Amino acid sequence: MVNFLIFGPPGSGKGTQSVKLAEKFNLMHLSTGDMLRAEIASGTELGKRMSSIMSKGELVPDEVVIEMIASKIDSTKNRAGFLFDGFPRTVAQTGALENMLNERGMKIDTMLVLDVDHDELVKRLTGRAELSGRPDDKDPAVIENRIDVYKAKTEPIIDFCRRRGIYKPVNGMGTIEDIFGRLSDLVEELI
């Protein structure tokens, strides 16, 4: 079983590429954003709390996300591995994820990082808001805050993974197909 983290700032294409990679390589795509949005859509008390946090572009508490991921891992069978999309977002979360995986005899094998320039990110996010109606993609101030939060809290994970020898940068510019081709070549080498 091979476990991948897929990283990149908001709008880098993580979700799109993750779905395609999961399908091609029989990986379970674990999108914490999708999991949290489902919780919000269900209207639970937890969903209401998460909605308030996410609408400001802030991060959801670690223990909630780890619990959701552990439950999904425990209920998944017959997959080549997991592709973590949108989590971890801090070095502390990375440690918590590693601990949870280690308890299950697993580890983080590779971190794939999509590199995309700032102007392209903003263009993609505003375009996505028009298509999907996601409220967190409509407000320029929220977009900039999400990018700033990524830089401050998430980018340090890159150094953490680089020190472990599992960091793999990927050019995230170009068409969806171009980026998928680059990612597929890399994953093919690692599986």
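A residue is called buried when its relative accessible area is under 20%, exposed when it is over 50%, and partly exposed in between, as computed with a 1.4 Å probe on protein chains only. Helices (H or I, at least four residues) and strands (E, at least two) are DSSP runs, numbered from the N terminus.

By these terms, strand β4 (residues 110-115) is mostly covered, with five of its six residues buried. The model is predicted, so that local features need pLDDT of at least 70 and side-chain atom pairs count only at pLDDT 80 or more, while totals for chains, interfaces and linings use all residues. Residues are numbered from 1 along each chain as its sequence is written, and side-chain values use heavy atoms, with hydrogens and water left out.

**Strand pairing around β4**

Two strands are taken to pair if DSSP finds at least two bridges between them. Strand β4 has pairings with β1 and with β5, as the table sets out.

| Strands | Sense | Bridges | A bridge pair |
|---|---|---|---|
| β1 (residues 2-7) and β4 | parallel | four | Phe4 and Thr110 |
| β4 and β5 (residues 167-171) | parallel | five | Leu114 and Val170 |

**Nonpolar cores**

A nonpolar core is a set of buried Ala, Val, Leu, Ile, Met, Phe, Trp, Tyr and Cys residues joined through side-chain atoms within 4.5 Å. The largest such core has 33 residues, of which Ile69, Ile73, Phe84, Leu97 and Met111 touch the most other members. Helix α4 (residues 62-74) gives this core its largest share, seven residues. A second, separate core holds 16 residues, including Phe4, Leu21, Leu112 and Val170.

Contact here means heavy atoms within 4.5 Å. When neighbours within four places in sequence are left aside, the contacts of Met111 include Leu5, Phe7, Ile157 and Tyr167.

Asn171 lies in strand β5 and is partly exposed, with a relative accessible area of 40%. Beyond its neighbours within four places in sequence, Asn171 is in contact with Asp115, Ile179 and Arg182. The side chain of Asn171 also reaches the backbone nitrogen of Met173 at 2.8 Å. Between Asn171 and Ile73 there are 98 residues of separation in sequence and 29 Å in space, C-alpha to C-alpha.

Helix α8 (residues 176-190) has 15 residues and reaches 21 Å from its first C-alpha to its last, close to the 21 Å expected at 1.5 Å a residue, where the expected span is 1.5 Å times one less than the number of residues. Ile179, Phe180, Leu183, Ser184, Leu186 and Val187 are the buried residues of α8.

Methods. A polar contact is a pair of N or O atoms within 3.5 Å; within protein, one must be able to donate a hydrogen and the other to accept it, and residues adjacent in sequence count only if both atoms are side-chain atoms.
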